[in-house]
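Hi,

Here is the structure I said I would pass on. Have a look, and then read my notes below.

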Amino acid sequence: IDAALRGQPDQLIPGRPSFFALSSGTTGRSKYIPIDDAYRRAFQTPMQHYLYGIVRDHPRAFAEKVLYLVGPPSIERSAGGATVGTISGYNYQNLSPILKRFAAVPWQVFAIRDPNAQSYAIARFAARHSVSFAVAITTAPLAAVGEAMRDHAETLLRDIHDGTLSMPVGELTRSERTSLE
């Protein structure tokens with residue numbers, strides 16, 4: 001893994017990975033997992049079965065927009081220049097065009113570093129849609145978005161009406177604001 005992170009090719013996977021998934025570290029320190037196109041394709045097959053099961057069991061789940069809460073697609077860069085981030089954020093950033101049309105929130109929102117600003121931005125983008133399905137790895141992000149909606153309802157409504165992103169909490173970097181605008 002260390003050699004792959006430094007950019008040395010053919011370590012665990014053929015060639016150089018352009019992305020490393022960073023584990024959450026629940027069993028100790030976070031781990032770096034090299035991701036290549038073959039892994040991504042292999043990941044998509046069970047995901048298609050999962051989505052089929054949702055539609056089969058809940059036919060209206062995709063009737064409107066979907067709020068899918070993910071981790072940041074980019075957290076750091078490896079010494080070899082590869083992006084390091086969460087696999088959920090990476091996959092969300094690289095959704096197929098057919099799935100992107102269901103997304104209530106653009107992937108750039110999940111790149112926001114400030115957690116309060118991110119929760120507000122998620123609430124801002126999601127609240128402008130009718131959402132028929134919401135999913136997250138844990139309930140904590142859903143609760144944070146709900147709190148942002150409750151605590152900033154008037155500002156959210158004004159932002160949606162005006163087409164703005166006023167950000168009453170947290171901070172956005174210039175590049176984060178530019179990517180969202």
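A quick definition before the sheet: two strands pair if DSSP finds at least two bridges between them. Strands (E, at least two residues) and helices (H or I, at least four) are DSSP runs, numbered from the N terminus. Also, this is a predicted model, where local features need pLDDT of at least 70 and side-chain atom pairs count only at pLDDT 80 or more, while totals for chains, interfaces and linings use all residues. Residues are numbered from 1 along each chain as its sequence is written, and side-chain values use heavy atoms, with hydrogens and water left out.

On to the sheet. It is open, with 4 strands in the order S2-S1-S5-S4 and mixed pairing. S2 (32–35) and S4 (76–77) are the edge strands, each pairing on one side only. S1 (residues 19–22) and S5 (residues 83–85) run parallel, paired over 3 bridges, and Phe-20 stands opposite Val-84 in S5.

Next, the nonpolar cores (sets of buried Ala, Val, Leu, Ile, Met, Phe, Trp, Tyr and Cys joined through side-chain atoms within 4.5 Å). Buried is under 20% relative accessible area, exposed over 50%, and partly exposed in between, with a 1.4 Å probe and protein chains only. The largest core has 25 residues, and Val-105, Val-109 and Ile-122 have the most contacts inside it. Strand S3 (65–69), helix H5 (115–127) and helix H6 (140–151) each supply at least two of its residues, with H5 giving the most, 7 residues. Not counting residues up to four places away in sequence, Ile-122 touches Leu-67, Leu-69, Val-105, Val-109, Phe-110 and Val-145 (contact means heavy atoms within 4.5 Å). A second, separate core of 6 residues includes Ala-4, Phe-20, Leu-22 and Val-84.

How do H5 and H6 pack? Their axes are 8 Å apart, at an angle of about 75° (axes are lines fitted to C-alpha atoms over the stretch in contact, with angles from 0 to 180 degrees between N-to-C directions). The two helices are therefore roughly perpendicular, a label covering 65 to 115 degrees. From H5, Ser-119, Tyr-120, Ile-122, Ala-123 and Ala-127 meet Ala-144, Val-145, Ala-148 and Met-149 of H6.

Ser-119 counts as buried because its relative accessibility is 12%. Leaving aside neighbours within four places in sequence, Ser-119 is in contact with Ala-144, Val-145 and Ala-148.

Cheers

Methods
Angles under 35 degrees count as roughly parallel, over 145 as roughly antiparallel, 65 to 115 as roughly perpendicular and the rest as oblique.
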